[in-house]
Amino acid sequence: MSYWNNFVFFCCLSILIFSCEEPYTPSTLESEQEYVVEGYVEAGEDSNPVFVLITKSIPFISKIDPGKFSELFVKGAKVSVNDGDKTIQLTEVCLSQIPEPLKAEVYQILGFNPDSINLDLCIYADIFNQIKRESGRKYDLEIRIGDKLLTSSTTIPQPVSLKNFKWTETPGIPNDTLARLLVTIEDPKDVANYYRYFTAEGDENLIPPFGSVRDDALFNGQTFEFPLQKAERRGGDFTPETFGFFKRGKMARVKWSSMDKEHYDFWNTRDFNANSGGPFASYIRINFNIKGGIGIWGGYASETYNLTVPPR
C-alpha cells in the first residue's frame, strides 16, 4: 500500500474512532461544591506576607456574573498556621477595610488586575508578621469553616541563587530594541530541587511565564546556563518576534523561588492544563495538597533581582 493510501486509511480510521466517542463532560453537581484554597508562606528579602485566599468551586459549565463572583469568596473562616514553634491565627482582611493607597499593593500580592476586578474580597493574612519564615521549616495550615476542617502542610527549602546575569542579542535577525537574558545556576548535588520564577518590566507586577516551574532532572549538581524568558500576561497580544525578550533601556525584575516537590507538582500540572489546548489535548488532573478541599498551600524561598537592560 502506498504512502498516500496509508495516510487516507489512517484519516478514515481516526474519523471513525472519534465519531464513536462520547464527549467528556466533568461533573457539574452543585452538591459537590468544594472549598478552594490558595495560600503561601515565603522567606527571603522583599518576600510577600503569609496569606490565604479561600473560595468556593463552581460547576464546570456555568455562567458567572459579578454578583455571583463576589459570593465565591469565603468570609468568616478561622485560619491558623503553625510554624513549628507556635500557632498564629491569621487576620481576616477585606478590601473595603484597606485604605485606598494600599489596595494596589494588595492586588499585586494576590496577582489581580485592579482594572478588571471590582469586588470586596477578603483574605486571611499574618498582618503582624508573627510567623517565622525560614528555610528548613515546616508549616501546618488549618482552616475551619463551620463544621468543615481543611488542613495542609508545606516546607520552605534552602534557596538556590541565580548568578552571572548576561544580556545577549536575540536569536535570528538582530534587534536594536530587545535583548535576551542568560542566567547561571549552581544546582546543589545529591538532592532534587524545584524552581519557579516571575518577571516584571518597569513598574509592572511580577507575573509567572506560561511554563513557570522547572526541576533539575537534566542538570542536577551542575553549573548550568540557560535563557530566562520574560513572562507575558495571559490573554495579551502574542508576537513571536518579541516573545520572551526584554526591552532595552528598561528596568527588569526577576524573582527566583525554590519550592518543595508537592508545591512543584501543583504548578507543573496546573501549567500543563493551562497551556495545552485543541481537540486532542491530554487531560491531566491537577495535583493539590489540601485535605478536605482543593488548592495549594505552598512554601517559597525567594530572591528578587533588580536589573537594568542595557541599551544597544
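Analyst: Two strands are taken to pair if DSSP finds at least two bridges between them; strands themselves are DSSP runs of E with at least two residues, and helices are runs of H or I with at least four, both numbered from the N terminus. The model is predicted, so local features need pLDDT of at least 70 and side-chain atom pairs count only at pLDDT 80 or more, while totals for chains, interfaces and linings use all residues. Residues are numbered from 1 along each chain as its sequence is written, and side-chain values use heavy atoms, with hydrogens and water left out.

User: How do you know that E7 and E8 pair?

Analyst: Eight bridges join strand E7 (residues 138-145) to E8, and the criterion asks for at least two, so the strands pair. They run antiparallel, and Lys138 stands opposite Thr155 in E8.

User: What makes E4 and E8 edge strands?

Analyst: The open sheet of four strands has the order E4-E3-E7-E8, with antiparallel pairing. Strand E4 (87-89) and strand E8 (148-155) each pair on one side only. The twist in this sheet averages 20° from one strand to the next, the axes being lines fitted to C-alpha atoms (for helices over the stretch in contact) and angles running from 0 to 180 degrees between N-to-C directions.

User: Why is one side of E5 and of E12 left without a neighbour in the sheet?

Analyst: Eight strands form an open sheet in the order E5-E6-E2-E1-E16-E15-E11-E12, with mixed pairing. Strand E5 (91-94) and strand E12 (213-215) stand at its edges with a single partner strand each, so one side of each has no neighbour there.

User: What makes Cys94 and Cys122 a disulfide?

Analyst: The definition requires a pair of cysteine sulfur atoms within 2.5 Å. The S to S value for Cys94 and Cys122 is 1.8 Å, so the pair qualifies. A search of the whole structure finds one disulfide. Cys94 lies in strand E5 and Cys122 in strand E6, so the pair ties together parts that are 28 residues apart in sequence.

User: Why is the disulfide of Cys94 and Cys122 called right-handed?

Analyst: The torsion about its S-S bond is about 100°, and the disulfide is therefore right-handed.

User: Are Cys94 and Cys122 buried or exposed?

Analyst: Both Cys94 and Cys122 are buried, a term for under 20% relative accessible area, with exposed meaning over 50% and partly exposed lying in between (1.4 Å probe, protein chains only).
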